[in-house]
Amino acid sequence: MLEKLKEKLYEAKRRETELIARRGWGYGMRHSKIGFSTRVSDNLKARIERCSSEIEMLITKLINEVLSGSEEN
């Protein structure tokens with residue numbers, strides 16, 4: 001699942017880069033703000049971070065249970 005999220009993030013960043021690249025120098029000169037949304041990539045980054053932290057927490061919990069189980073024996 002984490003790999004799929006990272007792949008989606010790559011695609012979203014690539015799309016954002018294409019949006020910026022399509023806007024020429026004149027567009028930047030005529031507009032003080034280039035207003036494209038980074039919402040998709042921001043949401044994906046947050047999901048990846050949450051998944052990674054949950055995975056780390058589960059691994060830590062599993063290791064602690066294994067270590068405490070081996071100490072009892």
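Is Arg-14 buried, exposed or partly exposed? Arg-14 is partly exposed, because its relative accessible area is 40%; buried means under 20% relative accessible area, exposed means over 50%, and partly exposed lies in between, with a 1.4 Å probe and protein chains only. The model is predicted, so local features need pLDDT of at least 70 and side-chain atom pairs count only at pLDDT 80 or more, while totals for chains, interfaces and linings use all residues. Residues are numbered from 1 along each chain as its sequence is written, and side-chain values use heavy atoms, with hydrogens and water left out.

The protein chain has three helices and zero strands, where helices (H or I, at least four residues) and strands (E, at least two) are DSSP runs numbered from the N terminus. Read from the N terminus, the order of elements is α-α-α. Of the 73 residues in the protein chain, 12% are buried. The protein chain exposes about 6400 Å², and carbon and sulfur atoms supply 55% of that area; accessible areas come from the Shrake-Rupley method with a 1.4 Å probe, and for residues only the protein chains shown count as cover. Among contacts with a separation of 6 or more, 71% are between residues 24 or more positions apart, a contact being heavy atoms within 4.5 Å.

Side chains of opposite charge can pair when their charged atoms come close. The whole structure holds three salt bridges, each defined as a side-chain nitrogen of Lys or Arg within 4 Å of a carboxyl oxygen of Asp or Glu. One of them joins Glu-11 to Arg-14, with the closest N and O atoms 3.2 Å apart. Glu-11 and Arg-14 are separated by about one helical turn, because they are three residues apart in helix 1. Glu-11 counts as partly exposed because its relative accessibility is 35%.

Arg-14 also forms a salt bridge with Glu-18, at 3.5 Å between the closest N and O atoms. This pair is four residues apart in helix 1, so Arg-14 and Glu-18 are again separated by about one helical turn. Glu-18 has a relative accessible area of 34% and is therefore partly exposed. Glu-18 in turn forms a salt bridge with Arg-22, where the closest N and O atoms are 3.6 Å apart. Glu-18 and Arg-22 both lie in helix 1, four residues apart, or about one turn of the helix. Arg-22 is exposed, because its relative accessible area is 63%. Through shared partners, these salt bridges join Glu-11, Arg-14, Glu-18 and Arg-22 into one network.

Leaving out residues up to four places away in sequence, Ile-48 touches Leu-2, Leu-5, Lys-6 and Leu-9.

Ser-41 is found in helix 3 and counts as buried because its relative accessibility is 2%. The side chains of Ser-41 and Glu-16 are joined by a polar contact of 2.6 Å. A polar contact is a pair of N or O atoms within 3.5 Å; within protein, one must be able to donate a hydrogen and the other to accept it, and residues adjacent in sequence count only if both atoms are side-chain atoms. Apart from neighbours within four places in sequence, Ser-41 is in contact with Leu-9, Ala-12, Lys-13 and Glu-16.

Val-40 is also a residue of helix 3, and it counts as partly exposed because its relative accessibility is 43%. Val-40 and Lys-8 are 32 residues apart in sequence, with a C-alpha to C-alpha distance of 9.2 Å.

Further along helix 3 (residues 39-72) lies Ile-55, which counts as partly exposed because its relative accessibility is 39%. Ile-55, Ile-59, Ile-63 and Leu-67 make a nonpolar surface patch of about 350 Å². Patches are made of residues with over 30% relative accessible area and no salt bridge: like charges are joined within 9 Å, and nonpolar side chains (Val, Leu, Ile, Met, Phe, Trp, Tyr) within 5 Å.
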